[in-house]
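Please read them with the coordinates open.

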Amino acid sequence: MSQLGLEAARQKMLDAGVATPAVDVFSHYYRLVESGETGLIREEDIEPLTNPPMLDDVEVSDNEAREAIGATVIIKLNGGLGTSMGLDKAKNLLEVRDGLNFLDLIVQQVQAARRDWDAPLPLLFMNSFRTEADTLAHLSRYPDLPVDGLPLSFLQNQEPKLRADDLTPVEWPADPGLEWCPPGHGDIYTSLWSSNLLQQLIDKGFRYACTANGDNLGAAPNARLAGWFAASGAPYAAELCRRTINDRKGGHLAVRKRDGQLILRDTAQTAPEEMGYFTDEHRHPFFHTNNLWFDLQRLADTLRERNSVLGLPMIRNEKTVDPADPSSPKVVQVETAMGAAIEVFPGATAICVGRDRFQPVKTTNELLLLRSDVYDLDEDGHLVARSATPEISLDSRHYKTVQDFEARIPQAPSLRGATALRIKGDWVFEPHVKVRGAVDLPDKGTPQVIPAGTVLGA
C-alpha cells in the first residue's frame, strides 16, 4: 500500500501545481517514514557544544563589514498565521507598538542598514499561500523597497498530510484545505531553488543570505556579523545565545560523535525519556536562535549535486487532520527545520550573539514585553532594551489570544522596575499601572480590575 500511497501523494502534489523539486524532496521523506525512521537524535550519539566563538570577541573592519553586507540578502520567514494567538492573517501584520507591525519594523531596519552601509540589501519574505496576498498588500506602501527587479516574496511549498494507518494522502471533504500542510521552514532551500530565485540572486552578484523568523525583531541586518561570516569562509553558520532556565524548550546545537559534525536537535527529535538532557541548560549551554547565514553559491552547488534533495534530518509529527477535532483521522506530517541544514555542510560553524539578537513573539507574554517600557523603539525600527527583562506569565485561559489580551491589557503597564509579573485568573489593567519587583496576581474566581495609576509590588 505504501508505494501506492507515494504515487497518490506525488500525483496530488503535481495536480496542485507543486514544483517538481519539492515533489522529489517529499518523496525522499516519504520513503524514510515508510522505513520506520523516527528522526530521533540520541544523547549518547552527541557531545554538547561548549565553546563557540563569541561575537563580542570578533574584530571586523568597516571595509570588511561594508563589502560583506553589500553582498547580503535578508530573508524573513512569513508563512505563519499566528493561529495559536487567535489570528487569521499573517502573524507579522500584528501591531507591535506605536501603530507599527512586524513588517513595518523589518522594513525600517532594512532601510536603515541600506542607508548606513550604502548597500542594496534585498529583502525577501518566504510566504505561504495564506499570507502572501495580505503581506504584499501591506508592503505596497513602500514603493522603494524592491531591489533590482527582485521580488519581495517567494512561496513556501505544500505537501499532503498522510493517513497514519496506511500513509495515503488523507481526504477531508469538509475542508479540503486541511488535507495539506507546510513542509516546515526547512523548505526554504527547496523553494529558493525551485523558484529559480537562488540563481537570480547569484546572477545579480549576491553571495550571502541572512535568514530569520519574521517575528524576531532582534535579527536586524548586521554588517559586523556579515563581515565575520564572509571572513570565516564557512558555507553556513548559526547564531546562538546562552541558555537560561527560561530557554529549556529551544533547540540546541551539538557535535555528532561519529564525524564531529555540528547538528541541530529540536524537541521533536528528542526521545521523551531523554528530555531531561535536552532541557538541561548546563549540559547544553547554548540555544539555537534560528538566525542563520548561508553562502548562496555553496547552497546552489550542493542542491545541484544532490538533484534538489538537500537531505535535511526528518521531523515526523503525528496530529489529526483537523487540529480542532481530536476525533478526526490521525495523520503524519513530515517536516524539516531550516537550521538542520548545518549538518549538510562540512565546515559549518556557529557564533554566540547577544540576547538583543533574539526577541521573538510566540505568545502574548512576549507581546506584552515588547509593548511595555522595557523596550524603547528607535527611529531605525530597533527595539532597545532599557532594563532587565522580567518574567511574564499570563493565564492562558484569559490572555492567550490577542483579542482577549488587548481587552484586558489595552495599555501595557510599566515593567521597567519589575522582575516578574505572574497572573492567574482574569485581571483587567487600566492605563498607567506600574509593576515593581515580583508581582503575583491570584485567581479570585471573578474578573478583577486594577485601577489607573496603581503601583503593584514593592
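**Notes on the predicted model**

1. In this predicted model, the largest nonpolar core has 68 residues, and those with the most contacts inside it are Leu368, Leu415, Leu421 and Phe429. Helix α4, spanning residues 102–117, supplies the largest share of this core, namely seven residues. A second, separate core is made up of 61 residues, among them Leu6, Val25, Ala238 and Ile315.

2. Leu415 deserves a look of its own. Leaving aside residues up to four places away in sequence, Leu415 touches Leu368, Leu369, Ser372, Asp373, Val374, Ser387, Pro390, Ile392, Leu421 and Val435. Of these partners, Leu368 and Leu421 are also listed with Leu415 among the residues that have the most contacts inside the largest nonpolar core.

3. As for the overall fold, the protein chain has 13 helices and 25 strands. Its radius of gyration is 23 Å, close to the 23 Å that the globule rule gives for 458 residues, so the chain is as compact as a globular protein of that length. Along the principal axes, the C-alpha atoms fill a box of roughly 65 × 60 × 50 Å.

4. Buried residues account for 54% of the 458 residues, and of the contacts between residues at least 6 apart in sequence, 71% join residues at least 24 apart. The accessible surface of the chain comes to about 19,700 Å², with 48% of it belonging to carbon and sulfur atoms. There are 47 positive and 65 negative charges, and their mean positions lie 3 Å apart.

5. Most residues other than glycine have a negative phi. Leu121, although not a glycine, has a positive phi of about 45 degrees, and Asp148, likewise not a glycine, has a positive phi of about 55 degrees.

6. Is each of these two residues buried or exposed? Leu121, in the loop between α4 and β5 (123–127), has a relative accessible area of 0% and is therefore buried, the cut-off being under 20%. Asp148, in the loop between α5 (132–139) and β6 (153–155), has a relative accessible area of 52% and so counts as exposed, for which the cut-off is over 50%.

7. Thr363 sits in the loop between β17 (349–352) and α11 (364–371), and at 32% relative accessibility it counts as partly exposed. Thr363 and Leu77 are 286 residues apart along the chain, while their C-alpha atoms are separated by 17 Å.

Notes: Residues numbered from 1 in each chain as written. Predicted model: local features only at pLDDT ≥ 70, side-chain atom pairs only at ≥ 80, totals over all residues. Heavy atoms only, no water. Helix = DSSP H or I, 4+ residues; strand = E, 2+ residues; numbered from the N terminus. Rg over C-alpha atoms; globule rule 2.2 N^0.38 Å. Buried < 20%, exposed > 50% of the residue type's maximum accessible area, 1.4 Å probe, protein only. Contact = heavy atoms within 4.5 Å. Areas by Shrake-Rupley, 256 points an atom, 1.4 Å probe, with all protein chains shown as cover. Lys, Arg positive; Asp, Glu negative; His and termini not counted. Charge placed at Lys NZ, Arg CZ, Asp CG, Glu CD. Core = buried A, V, L, I, M, F, W, Y, C linked by side-chain atoms within 4.5 Å.
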